[in-house]
Amino acid sequence: MRAIPDGVAAVVNSPVTTFSIGGSPLMAALFSLLPNCLYFPYIMAAAGICVVIVSLPAFRILKNLP
């Protein structure tokens, strides 16, 4: 939180809050239905890969903030 200037805190916090809170019902439905079709460790591995792919550009963006 110290790395994010006050002027852009709302710009950063708004999408983070939207995706973390808004995605919860969707992820709950997805992770409750997928194990019926796929092996659970494969689902968790795919979710981990998605997190890594999304976090790399996010890290670069946050690293370059003043």
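Here is a walk through the helices, a surface patch and the cysteines of this structure.

This is a predicted model, in which local features need pLDDT of at least 70, side-chain atom pairs count only at pLDDT 80 or more, and totals for chains, interfaces and linings use all residues. Residues are numbered from 1 along each chain as its sequence is written, and side-chain values use heavy atoms, with hydrogens and water left out.

Let's start with helix H1, which covers residues 9-22 and includes Phe-19; helices here are DSSP runs of H or I with at least four residues, numbered from the N terminus. Phe-19 is exposed, at 67% relative accessible area. For that label, exposed means over 50%, buried means under 20%, and partly exposed is in between, using a 1.4 Å probe and protein chains only. Look back along the chain to Pro-5: it sits 14 residues from Phe-19 in sequence, and their C-alpha atoms are 21 Å apart.

Next comes helix H2, residues 24-33, where you'll find Leu-26. Leu-26 is exposed too, with a relative accessible area of 57%. Together with Met-27 and Leu-30, Leu-26 makes a nonpolar surface patch of about 270 Å². A patch takes residues with over 30% relative accessible area and no salt bridge, joining nonpolar side chains (Val, Leu, Ile, Met, Phe, Trp, Tyr) within 5 Å and like charges within 9 Å. The salt bridge in that rule is a side-chain nitrogen of Lys or Arg within 4 Å of a carboxyl oxygen of Asp or Glu. The areas themselves come from the Shrake-Rupley method with a 1.4 Å probe, and for residues only the protein chains shown count as cover.

Helix H3 runs over residues 40-63, and its 24 residues should span 34 Å at 1.5 Å a residue; the end C-alpha atoms are 34 Å apart, so the two agree. (The expected span is 1.5 Å times one less than the number of residues.) There is still a bend of about 25° in H3 at Ser-55, with a proline, Pro-57, following within four residues. That angle is taken between axes fitted to the seven residues ending at a residue and the seven starting there.

What about disulfides? The count is 0, taking a disulfide as a pair of cysteine sulfur atoms within 2.5 Å. Cys-37 is in none, since the nearest cysteine sulfur, in Cys-50, is 17 Å away, too far for a bond. Cys-37 is exposed at 67% relative accessibility, while Cys-50 is partly exposed at 48%.

How values were computed:
Helices (H or I, at least four residues) and strands (E, at least two) are DSSP runs, numbered from the N terminus.
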